Amino acid sequence: MSDSGPIDRPDPVTPARTDPARPDPARPDPGTAVGPGAPDAVHHEPGGNRRRDAERLATANLRRWLTPGIGVKRWLLLAFVGLLVLSLGAAHVIRQVTRDVEPGGLTGSILDAVTFQFLPYPLRGLIVGIVGLGLLIFGAYRTIGALTAPFLPSRGGGRLVELIYQRKSLARGPRVVVIGGGTGQSTILRGLKEHTSNLTAIVAVADDGGSSGVLREELGIPPVGDIRRCLAALADAENLVGEVLEHRFAGSPTDAAPEAGGPLGGHPVGNILLAAMTQLEGGDFEEGIRRANRVLAVRGQVVPAAATPLTLHARTRDGTVVDGQSIITRTRGIERAWVTPAGVAACEDALAAIADADLIILGPGSLYTSLLPSLLLPEIRDAVLASSALRIYVCNVATQDGETADLDLAGHVEALVAHAGAGIVDVVLANNRPGDRATLRAPSEPVRLTWPPALTQAPRVVLDDVVDSTAAQRHVPRSAGRRGHRDPREGGSCPAPCIRIANGLTARRRPRTAPPAPSGFTGRERERPRPRPRPPLRAGGDRSVPTL
């Protein structure tokens with residue numbers, strides 16, 4: 001759905017009255033006060049408003065063309081220089097041709113009039129320069145308008161100039177890889193695409209519930225629900241594409257009865273589309289997702305962690321083994337997680353993006369069911385460990401009933417390192433502003449800011465305001481504006497601190513060697529003593545918070 005409101009349209013014109021002496025009360029004369037307490041209100045014709053709106057839109061479109069980074073001004077300047085050189089050449093030719101023209105004759109009189117010989121010498125060049133510059137500006141304005149007119153939607157602004165800005169300016173942004181899944185990954189992608197178009201979302205493929213689980217069981221394809229959300233988040237026309245992809249057919253995906261909606265009941269349109277893309281590519285899931293990226297014109301790319309559906313397993317502290325992501329997400333006291341089948345190859349696009357990344361963001365999202373399924377693949381884990389990019393873990397702002405109900409900030413980091421290996425993260429980004437508890441979904445609680453974790457070498461921690469004021473269990477996707485200010489009633493922006501951290505720290509360019517994979521552990525093999533009570537972190541001044 002478009003952000004812009006509906007266009008006000010005039011009411012249908014009623015037939016004119018035949019009696020001119022009886023004016024129509026529904027059509028006040030111009031200048032007549034309209035409404036109580038509005039003596040100065042004047043009736044305006046809709047056509048005038050539309051003309052003014054069109055003029056404002058054209059002016060804004062022209063300013064957008066002159067935005068730094070689009071690459072238009074330099075070529076306009078070059079064209080101006082070219083015209084200037086051409087004019088000098090034409091003047092030289094005219095001078096050579098008219099060298100023998102006698103003054104006072106017809107030809108001489110015409111030349112004197114064209115070259116403003118009747119004016120004082122200083123005014124001649126000034127007038128010619130002003131006229132020429134005006135014609136150049138008007139011609140450029142009309143040329144840009146003629147080129148962009150076919151690409152202007154009925155409302156909302158210039159489509160072509162936005163595409164050029166995206167390709168030119170955002171293409172210079174950092175190469176960012178976001179690893180995760182669930183709604184947290186799509187949330188941060190919405191903000192990151194305002195900073196760079198060099199984005200790669202590596203999405204977990206271990207979901208087994210809802211529509212994704214049904215399609216996985218019936219068609220044998222990896223789960224597509226999280227991929228669908230990321231594609232919608234990165235699409236140029238996010239509102240329109242999201243509305244289509246997220247639309248669910250009425251009914252239930254687990255009940256094919258006609259009264260429950262039939263075979264399509266409960267399935268989102270995006271899931272069906274991705275399944276169709278896979279079939280169009282002869283069952284090649286990776287190629288099907290590549291096709292979806294092209295069709296939906298996303299900024300960057302969305303790639304699955306693997307082309308094979310994964311099954312997530314977990315063991316709790318009391319030794320209970322739980323199978324399936326949809327069950328694990330409600331399980332407390334998880335000690336170890338792993339995926340099957342073992343030895344699944346990671347997608348080549350994912351490995352290439354990690355190797356070329358400037359910044360790798362882990363999360364946000366469910367720790368065990370969204371983030372770890374991708375990092376439990378040996379190839380992806382080793383690629384992240386060996387990458388020279390800066391690696392930031394975005395911790396959730398609130399606990400989840402089940403898998404992280406008893407974890408604080410340090411506990412999240414300890415669990416991540418225990419499964420993915422020491423050195424998997426350089427910086428931890430955590431929220432330091434408690435959200436409105438009235439908007440927090442019970443029984444979730446804000447993640448306690450305790451530090452440091454029980455690790456040999458703890459990563460840096462950065463605190464920032466990244467919580468959504470309207471839903472205290474999630475991050476804010478983007479800043480209120482690109483000009484650097486935001487409404488104080490709104491939360492912070494999660495992507496902005498990540499970009500600031502990446503710009504403020506020099507990423508290590510020395511290739512890393514991946515340490516050996518963490519060995520499997522059980523409750524007896526690895527009794528993890530809880531560290532002494534740790535003081536909560538404070539935003540500044542607290543010596544337990546490493547500063548950047």
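Student: Is cysteine 230 buried or exposed, and what is its relative accessible area?
Tutor: This is a predicted model, in which local features need pLDDT of at least 70 and side-chain atom pairs count only at pLDDT 80 or more, while totals for chains, interfaces and linings use all residues. Residues are numbered from 1 along each chain as its sequence is written, and side-chain values use heavy atoms, with hydrogens and water left out. Buried means under 20% relative accessible area, exposed over 50% and partly exposed in between, with a 1.4 Å probe and protein chains only. Cysteine 230 is therefore buried, its relative accessible area being 0%.

Student: What is the relative accessible area of cysteine 395, and how many disulfides does the structure hold?
Tutor: Cysteine 395 counts as buried, with a relative accessible area of 1%. A disulfide is taken here as a pair of cysteine sulfur atoms within 2.5 Å. By that criterion, the number of disulfides in the structure is 0.

Student: Which residue's side chain does aspartate 408 join in a polar contact?
Tutor: Aspartate 408 sits in the loop between strand S8 (390-394) and helix H16 (409-420), where helices (H or I, at least four residues) and strands (E, at least two) are DSSP runs numbered from the N terminus. With a relative accessible area of 4%, aspartate 408 is buried. A polar contact is a pair of N or O atoms within 3.5 Å; within protein, one must be able to donate a hydrogen and the other to accept it, and residues adjacent in sequence count only if both atoms are side-chain atoms. At 2.7 Å, such a contact links the side chain of aspartate 408 to that of threonine 450.

Student: Why is one side of strand S5 and of strand S6 left without a neighbour in the sheet?
Tutor: The open sheet of 3 strands is ordered S5-S4-S6 with antiparallel pairing, two strands being paired if DSSP finds at least two bridges between them. Strand S5 (321-323) and strand S6 (334-340) stand at the edges, so one side of each has no neighbour in the sheet, the reason being that each has a single partner strand.

Student: Which residue in S6 stands opposite histidine 313?
Tutor: Strand S4 (residues 311-316) pairs with S6 in the antiparallel sense over 6 bridges. The residue of S6 opposite histidine 313 is tryptophan 338.

Student: What angle does the direction of helix H6 make with that of strand S1?
Tutor: The order of the open sheet of 7 strands is S3-S2-S1-S7-S8-S9-S10, with parallel pairing. Helix H6 (residues 182-192) packs on this sheet, touching strand S1 (176-180), strand S2 (199-203), strand S7 (359-362) and S8, where contact means heavy atoms within 4.5 Å. Axes are lines fitted to C-alpha atoms, for helices over the stretch in contact, and angles run from 0 to 180 degrees between N-to-C directions. On that basis, the direction of H6 makes with that of S1 an angle of about 165°.
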